[in-house]
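Please work through the exercises below with the sequence and the structure at hand, and try each task before reading its solution.

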Amino acid sequence: MSSLLFATPKELTGWLAKLASGYRVLAPRQEGPSVVYRPQTAEQLASADIDALLRRATASPKQAMLPQCETLVTFKSVKDAEDPSKLTTTLENPCQAEPTVLFGCRPCDARGFVVLDRPYLEGKFKDPYYGARREATVIVTQACPSAFASCFCNWVGSHPSDKEGSDILFTAVEGGFVLEVVTDKGQALVEGAGFADAADKVADVEAAHAAAAASLAPAPELTHVMEKVASRFTDTEFWEKETVKCLSCGACTYLCPTCQCFTITDEGSQLDGRRLRSWDSCMTPLFTLETSGHNPRPSKADRMRNRVSHKFSFYPERYDGFFSCVGCGRCVVSCPVSLDIRHMVKAAVEGSSLTFDDAAPAESPAVEAVPAPEAPAVAEPAPEAVAEPEQAAAPKAQKPAPKAAPRASSKSKAKKR
Ligand code: SF4
Ligand code: SF4
């Protein structure tokens with residue numbers, strides 16, 4: 001299912017404005033020093049500067065499926081008039097999964113939802129809140145015109161025009177954008193949009209994708225990264241050295257598109273209240289503190305080991321070698337003391353004493369080097385440059401654009417995942 005359509009910048013914003021009558025349209029917006037995803041009205045979208053809509057968001061779009069704080073259930077109890085010791089309690093689930101278009105994701109962000117899908121939607125227990133929003137959301141992703149200095153999607157088997165997780169992938173080409181429909185949901189969204197066929201722009205799109213892939217720094221040798229990171233589990237000295245500057249602020253996890261932990265709290269009175277779910281962070285000292293007073297991860301080194309190992313060892317061990325880091329680089333950019341997960345992974349791998357036979361075990365996933373961008377079914381000119389500090393100038397509108405080692409016994413509280 002791969003049709004290619006062409007839209008000028010005006011046609012694209014006009015389409016989004018029309019969609020806003022039936023969908024909540026989330027798109028990037030500058031707020032102070034940050035770019036954040038916000039619902040935008042038809043009027044705002046109709047008059048939007050396309051460049052503003054194409055800026056990479058400071059925080060990931062995971063809040064579209066996992067709000068920073070949400071009410072899971074409200075409760076109200078009424079005392080029996082005859083026997084006040086008896087209560088009649090009513091529960092209500094206020095979850096509303098309104099039809100949503102998530103516009104302007106980057107490929108790493110869209111891939112992030114694939115990472116979240118596994119723990120939230122697979123297995124015996126499925127999360128109905130996440131699932132309802134996921135089902136109701138159409139993801140329209142922008143192929144990156146060029147990489148930021150902090151990007152490393154090529155370390156984790158992805159690339160700047162990766163379609164994984166997207167319903168539509170659009171690429172900037174001369175004079176506008178080529179939209180590649182990836183899923184049925186994407187197809188339904190473009191029905192009646194009136195976009196022109198773009199079958200003749202395949203070469204332009206391929207050129208744009210190749211240029212973006214070439215703008216990434218080459219990935220290091222990461223063969224057996226899963227086993228090698230896992231082998232560092234007992235190397236306390238390594239993690240202490242890597243973590244000495246960490247402030248335990250949690251910024252790296254809150255901004256990450258794949259960090260998925262939450263905590264649950266109740267508020268209200270005995271008779272009336274609600275249960276809330278809020279983002280939590282494994283980088284904070286209280287995260288694993290048990291009611292007994294014991295804390296299985298009391299030090300910064302313990303917590304960083306858990307975070308990095310979850311991304312590059314525990315998660316891929318559990319889910320067929322798929323890394324739970326998508327290489328977006330937000331943790332790299334936003335860490336107040338400039339800790340860099342790339343450095344930690346590279347150091348863990350390069351200093352590993354593990355050796356492997358040429359015939360690696362089947363369960364041991366090898367990281368693929370930057371895959372050459374798959375020939376998409378679309379075409380070319382790039383929209384206005386996204387004026388982000390580290391990103392190479394994007395083409396202007398109307399212009400062409402170019403199984404593993406021992407696993408940590410990390411006991412998790414029932415309320416957290
Ligand atoms: S953002 Fe940096 S300082 Fe804050 S918890 Fe993460 S690694 Fe530590
Ligand atoms: S760990 Fe860092 S680079 Fe990896 S997905 Fe999370 S924020 Fe992005």
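**Exercise 1.** Determine in which loop His 224 is found, and decide whether His 224 is buried or exposed.

*Solution.* In this predicted model, His 224 is found in the loop between α7 (202-214) and α8 (225-230). Its phi is near 65°, a positive value in a residue other than glycine. Most residues other than glycine have a negative phi. The relative accessibility of His 224 is 8%, and because buried means under 20%, His 224 counts as buried.

**Exercise 2.** Describe how helix α4 and helix α5 pack, and state which residues meet.

*Solution.* Helix α4 (residues 107-121) and helix α5 (residues 128-136) pack at an angle of about 140°, with their axes 10 Å apart. That angle makes α4 oblique to α5, and the crossing of the two helices is left-handed. From α4, the residues Phe 113, Val 114, Leu 116, Asp 117, Tyr 120 and Leu 121 meet Tyr 130, Gly 131 and Arg 134 of α5. Sorted by class, this contact of α4 with α5 has six nonpolar, one polar and two charged residues.

**Exercise 3.** State how many residues surround ligand 1, and give their classes.

*Solution.* Ligand 1 is surrounded by 13 residues, of which the closest are Cys 246, Leu 247, Cys 249, Cys 252 and Cys 335. By class, the shell around ligand 1 has eleven nonpolar, two polar and no charged residues.

Technical notes: Residues numbered from 1 in each chain as written. Chains lettered and ligands numbered in written order. Predicted model: local features only at pLDDT ≥ 70, side-chain atom pairs only at ≥ 80, totals over all residues. Heavy atoms only, no water. Axes fitted to C-alpha atoms, helices over the stretch in contact; angles between N-to-C directions. Helix = DSSP H or I, 4+ residues; strand = E, 2+ residues; numbered from the N terminus. Parallel < 35°, antiparallel > 145°, perpendicular 65-115°, else oblique. Left-handed = near helix turned anticlockwise from the far one by under 90°. Contact = heavy atoms within 4.5 Å. Nonpolar A, V, L, I, M, F, W, Y, C, P; charged D, E, K, R; others polar. Near = heavy atom within 4 Å. Buried < 20%, exposed > 50% of the residue type's maximum accessible area, 1.4 Å probe, protein only.
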